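Try each task before reading its solution.

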Amino acid sequence: MKRPSILVLTPVLLAGLAYPVARGDDPPKPPVQLSTPEDHKRTMELLNIKELRRGANGNNPKAENAANFDESKANPFPNLPDPLVLKNGQKITTAEAWRNDRRAEIVEDFDREIYGRVPKVTPLVKWEVTATEKRMIDDIPVVNKRLVGHVDNSSYSPVSVDIQLTLTVPEKATGPVPVMMEFGFGGFGGKGPMRPAGKGGPGWQQQVLAKGWGYAILTPGSIQADNGTGLTKGIIGLCNQGQPRKLDDWGALRAWAWGASRALDYFETDKAVDARQVGIEGHSRYGKAALVAMAYDERFAIAYVSSSGAGGAKLHRRNFGELVENVAGSGEYHWMAGNYLKYAGPQTWNDLPVDSHELIALCAPRPVFIGAGATNGDGWVDARGMFLAAVGAGPVYRLIGKKDLGTTEFPAIETPLIDGEVAFRQHNGGHTPGPNWPTFVKFADRYLKAPLAPATKPPAPR
Ligand code: GCU
């Protein structure tokens with residue numbers, strides 16, 4: 001006969017920080033195992049949806065559902081929700097009303113319908129420095145730290161999450177430095193060796209170090225897997241005790257952004273870093289995550305959002321390149337809340353209560369740089385759709401006394417629009433963040449300030 005479970009108060013619970021967990025003698029059950037198609041189908045069933053509209057095909061221009069790249073067909077729903085009108089119809093005319101009344105309405109809509117909610121209480125993360133190494137990057141001596149953020153899994157031991165992060169700062173810094181943090185593709189510490197100076201110019205890390213800033217690379221897969229089957233594991237699965245998601249639970253983008261916030265918590269404790277000057281950067285799916293991190297965590301000082309496309313800075317109401325229907329499909333839906341699937345059928349993009357211009361507006365007053373590649377090469381991400389979202393965020397930036405993009409005209413390729421707090425540039429290459437880095441660094445240089453170099457020694461008295 002089973003003995004009744006006894007409620008054990010864990011120390012964290014006593015501190016009022018964790019959810020109550022009944023712990024009996026039975027070991028907790030392993031996470032529910034669903035394949036990605038099974039979990040996608042389960043999500044559709046919860047929504048009472050039989051069928052989703054088909055996504056656009058970006059590979060075959062002859063396909064019946066070939067992606068559209070014709071601007072004249074790109075705006076079936078040209079009217080965007082107004083970021084400066086409250087749900088009750090009242091117009092927002094002051095910075096205070098934006099901050100106190102409207103911003104929270106927009107956050108709630110993104111939480112419920114688009115990216116999902118982060119649980120009110122998430123487990124504590126204990127950061128451990130696992131290695132410290134001095135090295136040279138080109139001619140700059142640096143200190144490189146490897147860190148692991150151990151997430152407290154005492155509420156559900158079958159899932160463990162260990163966040164991987166590297167931090168690199170100039171060794172000779174005279175004080176805490178600004179840091180640019182990247183959501184890294186590839187394993188611990190990013191993708192292989194840095195591009196050497198010379199061919200194509202210095203890599204982004206060198207450009208950042210040359211300003212006297214540091215950089216960090218976070219490994220998204222160590223926070224949450226990049227697929228649907230992983231949703232009962234990772235930080236999302238840990239918080240759900242291995243159960244599948246509810247319709248408004250967080251998706252991978254918010255989970256990755258949550259991990260970035262925990263890295264920022266660590267930076268607040270590291271004397272080498274000026275945590276008030278930490279920027280976030282990501283490309284493609286991680287460009288989406290970078291924008292989400294910047295919008296939700298107001299401690300991030302600046303963002304470089306590269307080729308983020310659908311589900312990122314691009315307006316959902318656009319028919320160009322990737323569509324809502326693609327993001328709602330089984331290969332990508334795990335980035336979003338389950339509720340997002342509704343807008344790929346039966347509802348339309350126009351039924352979304354918010355659009356991406358309002359996600360950019362949530363970054364205000366902080367500076368945000370939206371980048372993309374050329375339309376032939378990076379057309380899938382819809383540079384103009386992201387530009388229009390940046391334009392649409394302008395009224396909020398202006399209302400609170402900041403500068404918008406400065407134009408509503410789509411600029412010629414390689415024209416930097418970096419005079420305001422919302423910035424944009426389309427580079428001439430393909431799906432890569434590289435060519436926009438120098439422009440981003442120039443933009444960021446207005447905001448991020450390295451500690452002063454040591455005063456040069458006065459000449460010896462004669
Ligand atoms: C696919 C996907 C995009 C995503 C990209 C990436 O192309 O459709 O939404 O940004 O992968 O992350 O590389």
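**Exercise 1.** In which loop is the place of Pro346? Then examine the peptide bond that joins Gly345 and Pro346.

*Solution.* Keep in mind that this is a predicted model.
- Step 1: Pro346 sits in the loop between α8 (324-327) and α9 (356-361).
- Step 2: The bond joining Gly345 and Pro346 is cis, with omega about 5°.
- Step 3: Go to the loop between α9 and β10 (368-372), where Pro365 is found. The peptide bond from Ala364 to Pro365 is cis, and its omega is near 5°.

**Exercise 2.** Decide whether helix α3 (residues 95-115) reaches the span of a straight helix.

*Solution.* 
- Step 1: Helix α3 has 21 residues, and at 1.5 Å a residue a straight helix would reach 30 Å.
- Step 2: The end C-alpha atoms of α3 are only 26 Å apart, short of that span.
- Step 3: Look for a bend. A kink of about 40° is centred on Arg102.

**Exercise 3.** Classify the ring pair of Trp127 and Tyr266.

*Solution.* 
- Step 1: A search of the whole structure gives 22 aromatic pairs.
- Step 2: The ring centres of Trp127 and Tyr266 are 5.9 Å apart and the planes meet at 50°, so this pair is tilted.
- Step 3: Locate the partners. Trp127 is in strand β3 (residues 125-137) and Tyr266 in helix α6 (residues 252-267), so the pair ties together parts 139 residues apart in sequence.

**Exercise 4.** Describe the surroundings of the ligand.

*Solution.* 
- Step 1: List the shell. Ser284, Arg285, Lys288, Glu322, Glu332, Trp335, Trp380 and His431 surround the ligand.
- Step 2: Sort the shell by class. There are four charged, two polar and two nonpolar residues.
- Step 3: Check the distances to oxygen atoms of the ligand. A polar side-chain atom of Arg285 lies 2.5 Å from one. For a polar side-chain atom of Lys288, the distance is 2.8 Å. For an N or O atom in the side chain of Glu322, it is 2.6 Å.
- Step 4: Judge the cover. On its own the ligand has 320 Å² of accessible area, and the protein covers 79% of that.

Key. Residues numbered from 1 in each chain as written. Predicted model: local features only at pLDDT ≥ 70, side-chain atom pairs only at ≥ 80, totals over all residues. Heavy atoms only, no water. Near = heavy atom within 4 Å. Polar contact = N/O pair within 3.5 Å; in protein donor to acceptor, adjacent residues only side chain to side chain. Areas by Shrake-Rupley, 256 points an atom, 1.4 Å probe, with all protein chains shown as cover. Nonpolar A, V, L, I, M, F, W, Y, C, P; charged D, E, K, R; others polar. Helix = DSSP H or I, 4+ residues; strand = E, 2+ residues; numbered from the N terminus. Expected span 1.5 Å × (residues − 1). Bend = angle between axes of the 7 residues up to and from the residue. Phe/Tyr/Trp six-rings, centres within 6.5 Å; stacked < 30°, edge-to-face > 60°.
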